[in-house]
Every structure is written in structure tokens, then in C-alpha cells.
Amino acid sequence: MTIRIKRAYEKPEKEDGIRILVDRLWPRGISKEKAGIDRWLKEIAPSHELRRWYGHAREKWPEFRSRYGAELKQRPELVDELIRLSRKGTVTLLYSSKEQNFNNAVALKLFLESKMKRG
């Protein structure tokens, strides 16, 4: 049961398991073949409004996580699907942002891990 995160531009590796793009927009300049993406789950990405509001401003990170968590609670079927997949094997959440520590994939991973701990 492992959830990893990785930039979509990084080379696919066997250890990635199922590679799921969790951005609303396709990464610029990368072909579907080169990306090695198994699934594009754009419905689980933050809303356009939330994404624009956040703008990767680190001081907004705690509030972004809270607001994104509220959006995720409105998509229980997608959250449950990711949890099911992670219980079967490794899932790598892919994102395109240059920001590696404060992005939607990181927030999603933290949300999923918290939900799995609670049962």
C-alpha cells in the first residue's frame, strides 16, 4: 500500500506502479506515449477557481489544503477508487507543476493517507 508523487515530466519507472495524472490540464509539451500515464483523473483535481486562487502561494498552502479537502469530500467515489488502487499496489500521482512540495498531488496524497488511517 504505497502512494507516491512525481512530476509528469519525469521518466516512468517500473516502481511507479499505476501512474495517474491528477491535474485538470494535460502537461505541456509531453506526448501521451512519453508520459506513460495509465489514467487521467482530471475530475479529482482542484476546481479552476481554487487553483487560480491558490496560485502556488506558499502562505496559502494550509487554506488550500483545507479547501481542496472540502472539494475531495464531494467526490467520494474518486477518493475511494484511489484508496482501493493503493491497497492493491503502488499508485503514483502525477502532476505538472514546477512546485514540488506545495501542489495538488501532495495535498491529495496527504488527504488519502489521512483517510486511510481513519479507516
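This is a predicted model: local features need pLDDT of at least 70, side-chain atom pairs count only at pLDDT 80 or more; totals for chains, interfaces and linings use all residues.

Author: The buried residues of helix H4 are covered by elements that include S1, S2, S3, H3, S4 and H5. The residues of H4 that are buried are Leu78, Val79, Glu81, Leu82, Ile83 and Ser86. The helix itself comprises 13 residues, and the distance from its first C-alpha to its last is 18 Å, close to the 18 Å expected at 1.5 Å a residue. As background to the spacing of such positions, an α-helix has 3.6 residues a turn, so residues three or four places apart point the same way.

H4 runs over residues 76-88 and H5 over residues 104-118; the two pack at an angle of about 75 degrees, and their axes are 10 Å apart. An angle of 65 to 115 degrees counts as roughly perpendicular, and H4 and H5 are therefore roughly perpendicular to each other. On the H4 side, the contact is formed by Val79, Asp80, Leu82, Ile83, Ser86 and Arg87; on the H5 side, by Leu108, Phe111, Leu112, Lys115 and Met116.

Buried within H5 are Asn104, Ala105, Val106, Ala107, Leu108, Phe111, Leu112 and Met116. Their cover includes H4 together with strand S1 (2-7), helix H3 (61-73) and strand S4 (90-95). At the start of H5, a side-chain oxygen of Asn103 comes to within 2.9 Å of the backbone nitrogen of Ala105.

Met116 illustrates the meeting of the two helices. This residue belongs to H5 and has a relative accessible area of 14%, a value under 20%, which means that Met116 is buried. Not counting residues up to four places away in sequence, Met116 touches Ile83, Ser86 and Arg87, and also Met1 and Ile3. By contrast, Glu33, which is 83 residues from Met116 along the chain, has its C-alpha atom 32 Å from that of Met116.

Ile18 lies in S2, which comprises residues 18-21, and with a relative accessible area of 33% it is partly exposed. Glu99 is 81 residues from Ile18 in sequence and 22 Å from it in space, C-alpha to C-alpha.

Leaving aside neighbours within four places in sequence, Thr92 is in contact with Arg4, Ile5 and Lys6, and with Asp16, Ile18, Arg19 and Ile20. Its side chain also reaches the backbone oxygen of Asp16 at 2.7 Å.

The loop between S4 and H5 holds Ser97, which is buried at 15% relative accessible area. Residues that Ser97 touches, not counting those up to four places away in sequence, are Arg7, Asp23, His56 and Asn103. With the side chain of His56, the side chain of Ser97 makes a polar contact at 3.5 Å. A polar atom of the Ser97 side chain also lies 2.9 Å from the backbone nitrogen of Glu99. The C-alpha atoms of Ser97 and Leu72, 25 residues apart along the chain, are separated by 20 Å.

His56, the partner of Ser97 in that polar contact, is found in the loop between H2 and H3. Is His56 buried or partly exposed? With a relative accessible area of 36%, His56 is partly exposed. Its phi is near 60 degrees, a positive value in a residue other than glycine. Most residues other than glycine have a negative phi.

Finally, Ser47 occupies the loop between strand S3 (39-40) and helix H2 (48-54). At 14% relative accessibility, Ser47 counts as buried. The Ser47 side chain reaches the backbone nitrogen of Leu50 at 3.1 Å. Not counting residues up to four places away in sequence, Ser47 touches Arg24 and Glu71.

Terms used: Residues are numbered from 1 along each chain as its sequence is written. Side-chain values use heavy atoms; hydrogens and water are left out. Axes are lines fitted to C-alpha atoms, for helices over the stretch in contact, and angles run from 0 to 180 degrees between N-to-C directions. Helices (H or I, at least four residues) and strands (E, at least two) are DSSP runs, numbered from the N terminus. Angles under 35 degrees count as roughly parallel, over 145 as roughly antiparallel, 65 to 115 as roughly perpendicular and the rest as oblique. Contact means heavy atoms within 4.5 Å. Buried means under 20% relative accessible area, exposed over 50%, partly exposed in between (1.4 Å probe, protein chains only). A polar contact is a pair of N or O atoms within 3.5 Å; within protein, one must be able to donate a hydrogen and the other to accept it, and residues adjacent in sequence count only if both atoms are side-chain atoms. The expected span of a helix is 1.5 Å times one less than its number of residues.
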